[in-house]
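Q: Could you pick one part of this model and take me through it closely? I'd like a friendly, connected account that I can follow with the picture open.

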Amino acid sequence: MADISKSRIAILVSGNGSNLQAIMDAIAADTTFPATIVRVISNKAEAYALERAQMASIPTHVIDHTAYANRDAFDQALHNQLIKDKVDVICLAGFMRLLTASFVNQWKGKILNIHPSLLPDFKGAHAIRDAFEAGVSHTGCTVHIVTPEMDAGPILGQYEVEMDADDTLDTIETKMHQAEHQLYPAVLRQFIENIQ
Ligand code: GRF
């Protein structure tokens, strides 16, 4: 069988890492997946996502944002690590830090994010709750390219989540995560196939 070219991806996390897990599982389950995760980077040492990566023998790195004087200094440290790891594509997966315009422009078109709403609706940090409280009939998740403006870059894929009459915020959150875990690996694969 011919060798499949693998893009080198870094996944940036801050917390639970269930989307990281979905991507790791998709790659592990399919030798034709055109990516390899070369590093998982967290701005928080206690992020469970780091344990998930370690269990899968993926190298991790912590860049504690509280140790840096400002966003530029943090982003420079991040940039340096990504260069060292020869990263092609960056996936934000529950990474709870805003990136500077300068960083985003250095990695233009190569940073993906997953957001728990059907963008452009419900931007921001409380998208699931905001959609639930707005009483919309359905919501969903979006994978998009990161641009300097938050939650505003070109959309690569979306997955709808129905809001049923008996749904609670908890049940919507569960449905949302299930949808995210379907969407992110699929869109990542398509994105990489298009750029290779
Ligand atoms: C997800 O809901 C994602 O859409 C948002 O942050 C959450 C991260 O969850 N950006 P996890 O850490 O991947 O479990």
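Predicted model: local features only at pLDDT ≥ 70, side-chain atom pairs only at ≥ 80, totals over all residues.

A: Residues are numbered from 1 along each chain as its sequence is written, and side-chain values use heavy atoms, with hydrogens and water left out.

H1 covers residues 18–29, and its axis comes within 9 Å of that of H6, crossing at roughly 55°. Helices here are DSSP runs of H or I with at least four residues, strands are E runs of at least two, and both are numbered from the N terminus. Axes are lines fitted to C-alpha atoms, for helices over the stretch in contact, and angles run from 0 to 180 degrees between N-to-C directions. H1 and H6 are therefore oblique to each other: under 35 degrees would count as roughly parallel, over 145 as roughly antiparallel and 65 to 115 as roughly perpendicular, with the rest oblique.

On the H1 side, the contact (heavy atoms within 4.5 Å) is made by Ser18, Asn19, Ala22, Ile23 and Ala26, and H6 brings Glu180, His181, Tyr184, Pro185 and Leu188. By class, six of these residues are nonpolar, three polar and one charged. In this scheme Ala, Val, Leu, Ile, Met, Phe, Trp, Tyr, Cys and Pro count as nonpolar, Asp, Glu, Lys and Arg as charged, and the others, Gly among them, as polar.

H2 spans residues 48–55 and packs on H1 at an angle of about 15°, with the axes 9 Å apart, so the two are roughly parallel.

Around it are Asn16, Gly17, Ser18, Asn19, Gly94, Ile114, His115, Pro116, His177 and Glu180, each having a heavy atom within 4 Å of it. The side chain of serine 18 has an N or O atom 2.5 Å from an oxygen atom of the ligand. For glutamate 180, a side-chain N or O atom is 2.3 Å from a ligand oxygen atom. Isoleucine 114 takes part through its backbone, where a polar atom is 3.0 Å from a nitrogen atom of the ligand.

H6 (residues 169–195) has another partner: its axis and that of H5 (residues 127–134) come within 10 Å and cross at roughly 125°. This crossing is right-handed too. Ile128, Arg129 and Phe132 of H5 meet Leu169, Ile172, Glu173 and Met176 of H6, a set of five nonpolar, no polar and two charged residues. Finally, in the loop between strand E5 (111–115) and H5 you will find proline 120, joined to leucine 119 by a cis peptide bond with omega of about 15°.

Key:
Left-handed = near helix turned anticlockwise from the far one by under 90°. Polar contact = N/O pair within 3.5 Å; in protein donor to acceptor, adjacent residues only side chain to side chain.
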